[in-house]
Amino acid sequence: ALQELARKIYEKGGIVAAVCHGVVGLLNIKLSNNCLLLKDRKVTGFSNIEEKLVELNDVVPFLTEIELVGRGGNYSKHDEPWKPYVVDDDRLITGQNPASTAMLAEAVLKKLKGS
């Protein structure tokens with residue numbers, strides 16, 4: 001239901017945003033043309049190195065970075081773990097880690113204001 005809601009928001013010109021592990025909610029969103037929302041889009045999310053640093057890489061069912069790339073996303077991350085990093089690809093805005101939350105919110109607000 002959440003994926004369907006995000007698809008509708010995006011297709012009606014709205015903004016879809018997620019941060020850290022929340023980006024996994026975007027992995028399987030298919031648009032009306034049956035293409036994945038993430039395909040060929042610039043994205044970020046919790047990185048493999050951050051997963052290893054918190055020792056969850058062997059606990060979580062998959063690594064976010066790998067799955068974003070696997071869905072056709074053009075993944076990027078900050079050179080240093082835990083630094084704020086946000087990727088704005090038109091109306092798809094993603095943040096790398098918890099430190100990115102404020103920066104992501106600012107990017108969304110800026111987009112909403114049209115500046």
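Ground rule for the strand entries: two strands pair if DSSP finds at least two bridges between them. Helices (H or I, at least four residues) and strands (E, at least two) are DSSP runs, numbered from the N terminus. This is a predicted model, where local features need pLDDT of at least 70 and side-chain atom pairs count only at pLDDT 80 or more, while totals for chains, interfaces and linings use all residues. Residues are numbered from 1 along each chain as its sequence is written, and side-chain values use heavy atoms, with hydrogens and water left out.

Entry 1, strands. I looked up the hairpin of strand 4 and strand 5: it has 2 residues between the strands, and Asp 90 takes a positive phi near 65° there. Strand 4 (residues 86-89) pairs with strand 5 in the antiparallel sense, over 4 bridges. I noted two of the opposite numbers: Val 86 faces Gly 95, and Val 87 has Thr 94 as its bridge partner. Strand 5 also runs parallel to strand 1, joined by 4 bridges. There, Ala 18 stands opposite Thr 94.

Which way do the residues of strand 5 point? I found Leu 92 and Thr 94 pointing one way and Ile 93 and Gly 95 the other, and all are buried (under 20% relative accessible area; exposed is over 50%, partly exposed in between; 1.4 Å probe, protein chains only).

A nonpolar core here is a set of buried Ala, Val, Leu, Ile, Met, Phe, Trp, Tyr and Cys residues joined through side-chain atoms within 4.5 Å. The largest one has 15 residues, and Val 16, Leu 26, Leu 37, Leu 38, Leu 68 and Leu 92 have the most contacts inside it. Helix 1 and strand 1 are the elements that give two or more residues to this core. A second, separate core has 5 residues, including Val 86 and Ile 93.

My cut-offs, on a 1 Å grid over the protein atoms alone: a pocket is an open set of points where a 1.4 Å probe fits, with protein on both sides within 12 Å along at least five of seven lines, and lining residues have an atom within 4 Å of a point. The largest pocket holds about 190 Å³ of space, the volume being what probe spheres set on the points fill. Its lining includes Gln 3, Val 16, Ala 18, Gly 25 and Leu 26. Helix 1 (2-11) supplies the largest share, 4 residues. I counted the lining as 9 nonpolar, 3 polar and no charged, with Ala, Val, Leu, Ile, Met, Phe, Trp, Tyr, Cys and Pro as nonpolar, Asp, Glu, Lys and Arg as charged, and the others, Gly among them, as polar.

Gln 3 sits in helix 1 and is partly exposed, at 31% relative accessible area. Beyond four places in sequence, Gln 3 touches Gly 25, Asn 28 and Ile 29. Glu 65, in helix 3 (residues 64-70), counts as buried because its relative accessibility is 13%.

Definitions and conventions. Contact = heavy atoms within 4.5 Å.
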